[in-house]
Amino acid sequence: MPRFALHMSMIAIASACSASSFAQAPAAVDTQLAFSHPNQMVDIGGRRLNLYCSGSGTNTVIFDSPSGMGGWVWYAVQPEVAKQTRACIFDRAGMGFSDPAERPNTSANVVEDLHAALGKAGIAPPYVMVGNSFGGGNVQLFTYSYPKEVKGLVLVEAQHEDEFDRINATSKGKLKEMSDMMTEFTKTCAAQSEKGFVPGSELFANCTGGFQPQFGRTLNAAYLASLTSASYWRAHNAEEDAFETSNAQLRAARRPFGDLPLMVLTRGVSPYAIPGKPQSELNKATEKENFAMHQEMAALSTRSTHRVVPGAGHIIEADKPQAVIKAINDVLAQIKP
């Protein structure tokens, strides 16, 4: 696993290049072209967000991605959901094809941007919000901010506002050690992006994850162009530097979801497990704490389901896209026409 892929952690320090997770995703070259170029560039006041929607239906499913990820992470899920209803991915500011912003992507800023873009694009509610990792925290805050517009919620390894402190305590400080190491490494990536990456170099591979075998040539070109740009790294690092602010925003908003249809998906494979070796007691405790937080989120609705997805790591939509598709369809089935 590349060092940068360590960002696919339970605190939503999720990088844009988990080659180990993505490599298991099924190829879908015929559905990838829409994800490899800007689609509807929506002006939200002097800068634009990239929005891509397809399908039709009463409810619109909105996807938000892990930290550092463009909307293309949903390439194996969004087209399938669009067969049932309208489904939309978007790129946060500075990610994918969206313009960068002078402010960081805190959860509140992401919610503000997304709601403005949906309004300008004429994508009216009701919405079913779907988010993975940091995106999972964002869609929870969106739901709290616009409760009358959201009719369902799917949390895919979603960020919990207290998970850094809880997992760090359970891991006896090892999570902070890893986080500090990755913060320094992303600074190196950012510095190199200002100079320009050398294709094929070790730093190029570690900072981008390199060529993604499940992506077609066109999507790979777009993916690598984004991850080697200086504007991407500025937005990426600003987003991560603001995690504590985002956590505080979600913490302040936290309350029950009432009877909102809610699906919570939890990984079945620890990002810290060493393949071929027995799981340590510390690793077991860490996974137990991750599961407990997801149970707590599931308990916030009287109409919730919590599922563990066997064989899936933190980026479930890449490892087991069918599990995410089923979760979304199950939530849609609970919503009154």
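Analyst: A residue is called buried when its relative accessible area is under 20%, exposed when that value is over 50%, and partly exposed in between, using a 1.4 Å probe and protein chains only. This is a predicted model, in which local features need pLDDT of at least 70 and side-chain atom pairs count only at pLDDT 80 or more, whereas totals for chains, interfaces and linings use all residues. Residues are numbered from 1 along each chain as its sequence is written, and side-chain values use heavy atoms, with hydrogens and water left out.

In strand β5 itself lies Ser133, a residue that is not a glycine and yet has a positive phi of about 60°. With a relative accessible area of 0%, Ser133 is buried.

Helix α4 covers residues 134–145 and helix α10 covers residues 243–253; their axes, which are lines fitted to C-alpha atoms over the stretch in contact, come within 10 Å and cross at roughly 35°, on a scale where angles run from 0 to 180 degrees between N-to-C directions. On the α4 side this contact (heavy atoms within 4.5 Å) is made by Phe134, Gly137, Gln140, Leu141 and Tyr144, and on the α10 side by Phe243, Ser246, Gln249, Leu250 and Ala253. Sorted by class, the residues that join α4 to α10 are six nonpolar and four polar, with no charged residues; here Ala, Val, Leu, Ile, Met, Phe, Trp, Tyr, Cys and Pro count as nonpolar, Asp, Glu, Lys and Arg as charged, and the others, Gly among them, as polar. The spacing can be read against helix geometry: an α-helix has 3.6 residues a turn, so residues three or four places apart point the same way.

Glu157 lies in strand β6 (residues 150–158) and has a positive phi of about 50°, although Glu157 is not a glycine. Glu157 is buried, with a relative accessible area of 2%. Helix α5 (residues 163–170) packs against helix α6 (residues 174–195) at an angle of about 120°, and the axes of these two helices are 6 Å apart. The residues that meet are Phe164, Ile167 and Asn168 in α5 and Lys174, Leu175, Lys176 and Ser179 in α6, so that, by class, the contact of α5 with α6 has three nonpolar, two polar and two charged residues.

Helix α8 (residues 217–227) can be described through its buried residues, which are Leu219, Asn220, Ala222, Tyr223, Leu224, Ser226 and Leu227. Among the elements that cover the buried residues of α8 are α7 (202–208) and α9 (230–241). Leu227, which is found in helix α8, is buried at a relative accessible area of 1%, and the C-alpha atoms of Leu227 and Phe204 are 9.4 Å apart in space for a separation of 23 residues in sequence.

Two loop residues complete the survey. Ala93, in the loop between β4 (86–90) and α3, counts as buried at 3% relative accessibility. Leaving aside residues up to four places away in sequence, Ala93 touches Arg47, Leu49, Ser98, Asp99, Pro100, Ala101, Asn105, Asp113 and Ala235. From Ala93 to Ala238 there are 145 residues in sequence and 11 Å in space, C-alpha to C-alpha. Pro271, in the loop between β7 (262–267) and α11 (281–298), counts as partly exposed, because its relative accessibility is 21%. Pro271 and Val308 are 37 residues apart in sequence and 15 Å apart in space, C-alpha to C-alpha.

As for the chain as a whole, there are 13 helices and eight strands, and the C-alpha atoms fill a box of roughly 55 × 45 × 35 Å, taken along the principal axes. Of the 337 residues in the chain, 58% are buried. Among contacts between residues at least 6 apart in sequence, 77% join residues at least 24 apart.

Note on methods
Helix = DSSP H or I, 4+ residues; strand = E, 2+ residues; numbered from the N terminus.
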